[in-house]
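Please open the model in your viewer and keep the sequence panel beside it. The stops below say what to select and what is there.

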Amino acid sequence: MTSEERRTARRIRREEKRRKKKEAVNEKYGKLENVFDYGNLLEAFDKSKKGVRWKCSVQRYEASLLRKTYDTHMKLLKGEDIRRGFHRFTLMERGKLREISSVHISERVVQRSLCDNALVPVLTRTCISDNMACIKGKGTHAAIKRVAYFLREYYRKTGSNEGYVVLVDFSNFFGNMKHWHIRKILEDHFTDKDMIEFIMLFVDAFGEVGRGLGSQVSQIIGTVYASKADHYAKEVLRIHEYIKYMDDTWLLFKTKEDAHRAIKALFEIYERMGITVNKKKTRIVALRRGFTFLKTKFTLSDTGKVIMRPCRKSITLERRKLKKLKKKLDEGTITFEEVRQQYQSWKGYMKHKQSWRTVQNMNQLFNELFIDSWKGKEEKKHEDQIQGQQQRIRRIRQENRTEYVACADRNKSKRSEHGRN
């Protein structure tokens, strides 16, 4: 047997092994019965209501939970359309205006059951290990730690901080998703055609092109949408220092020529998948100068120390937010407890970075806005109360002294009269 025949035989064995594994996963998770199950729908509501239980729609749904869950269960079994449209609104997030398409709680429950019992276990199993978004056990902090690990590893290998970082960003990632590519991803992972058509109902609800924010199905699909490019970078281009977080990609190279070659190859893959790259935000940065990724400023020093600081923009936004909260607090539209919770949340996020001085400066601003003014008013009020109390004490003492003197004069006069008698 020649070497080419041996490679062909190994490829056939690998493909057969993958096929059997795919069939086993679809046998367990790729059936609509798991999504339509009554118990799974109840469990999906318990997860969906977290953080939004104060809403009237959620409270009404929970008031008759068993009946509404049964109605949803029967509609799904009959093949009826359970979609109820979107509640669209805009949200300003970190200075960027985002269009949100929120779904009704009854549809959110079905999407939750679909994601937990089908999409997540089937789709995310093929993601690379450095895909950090919308997967249990990963997230922003895990991605930041992974970047720091790659930087330390790079310094151990090269002994210097000379290198180049590539930051890739997609333009309107969710809005430019192609539905034909989403269908192809589903066909590659699912064997049940009914399951594929059921998932495409939630995909096609946003129109012919694009996906909207506010849908859990959109988040899971966005995680695996560029998975082929991730595998191409890891397995074909052999890029070890590669991290993907939704539409943000981070790569590390030793020379600028390697960075340009990788960008050119990845851009071709992105073009085939219909992904538009934001060329203004996609750039090559010298490692020694530092770079910003996921709102964190990374710096690799000459001694190999990795410094992680918050980016300047996030600090500026927090200062502005505190000043706006001060105005709302003075107007009476919010309470001090809400302000305190927001600020404690921000401080908790800063603890994951080297931000001691930043937190101290922000504490000073917080005290000036909320503590010192309140403390000054209380001290003035307290001083007025003390002065009033002291005046009352002096008046009572004077009255007691006057009464004592009058009583002493009466007793003296009585004694003098008694002596004469």
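Start by selecting Asn 40, which counts as buried because its relative accessibility is 19% (buried is under 20% relative accessible area, exposed over 50%, and partly exposed in between, with a 1.4 Å probe and protein chains only). Asn 40 sits in helix α3, residues 38-48 (helices are DSSP runs of H or I with at least four residues, strands are runs of E with at least two, and both are numbered from the N terminus).

Before going on, note that this is a predicted model, in which local features need pLDDT of at least 70 and side-chain atom pairs count only at pLDDT 80 or more, while totals for chains, interfaces and linings use all residues. Residues are numbered from 1 along each chain as its sequence is written, and side-chain values use heavy atoms, with hydrogens and water left out.

Keep Asn 40 selected and show its surroundings. Leaving aside residues up to four places away in sequence, Asn 40 touches Asn 34, Ser 113 and Asn 117 (a contact means heavy atoms within 4.5 Å). A polar atom of the Asn 40 side chain lies 2.6 Å from the backbone oxygen of Asn 34.

Next, select Asp 37, in the loop between α2 (32-36) and α3. Asp 37 counts as partly exposed because its relative accessibility is 34%. The side chain of Asp 37 reaches the backbone nitrogen of Asn 40 at 3.1 Å.

Now zoom out to the whole chain. The chain has 15 helices and nine strands, and 39% of its 421 residues are buried. Of the contacts in the chain with a separation of 6 or more, 72% are between residues 24 or more positions apart.

Colour by pLDDT, the predictor's confidence in each residue, from 0 to 100. The chain mean is 86, and 89% of the residues reach 70 or more. Select residues 376-381, where pLDDT stays under 50 and the model has zero contacts beyond four places in sequence.

For the last stop, select Phe 170, Ser 171, Asn 172, Phe 173, Asn 176, Met 177, Tyr 225, Gly 274, Ile 275 and Thr 276, which line the largest cavity. How many nonpolar, polar and charged residues does the lining have? The lining has five nonpolar, five polar and no charged residues.

Technical notes. A polar contact is a pair of N or O atoms within 3.5 Å; within protein, one must be able to donate a hydrogen and the other to accept it, and residues adjacent in sequence count only if both atoms are side-chain atoms. On a 1 Å grid over the protein atoms alone, a cavity is a set of points where a 1.4 Å probe fits but cannot get out, and a pocket is an open set with protein on both sides within 12 Å along at least five of seven lines; lining residues have an atom within 4 Å of a point. Ala, Val, Leu, Ile, Met, Phe, Trp, Tyr, Cys and Pro count as nonpolar, Asp, Glu, Lys and Arg as charged, and the others, Gly among them, as polar.
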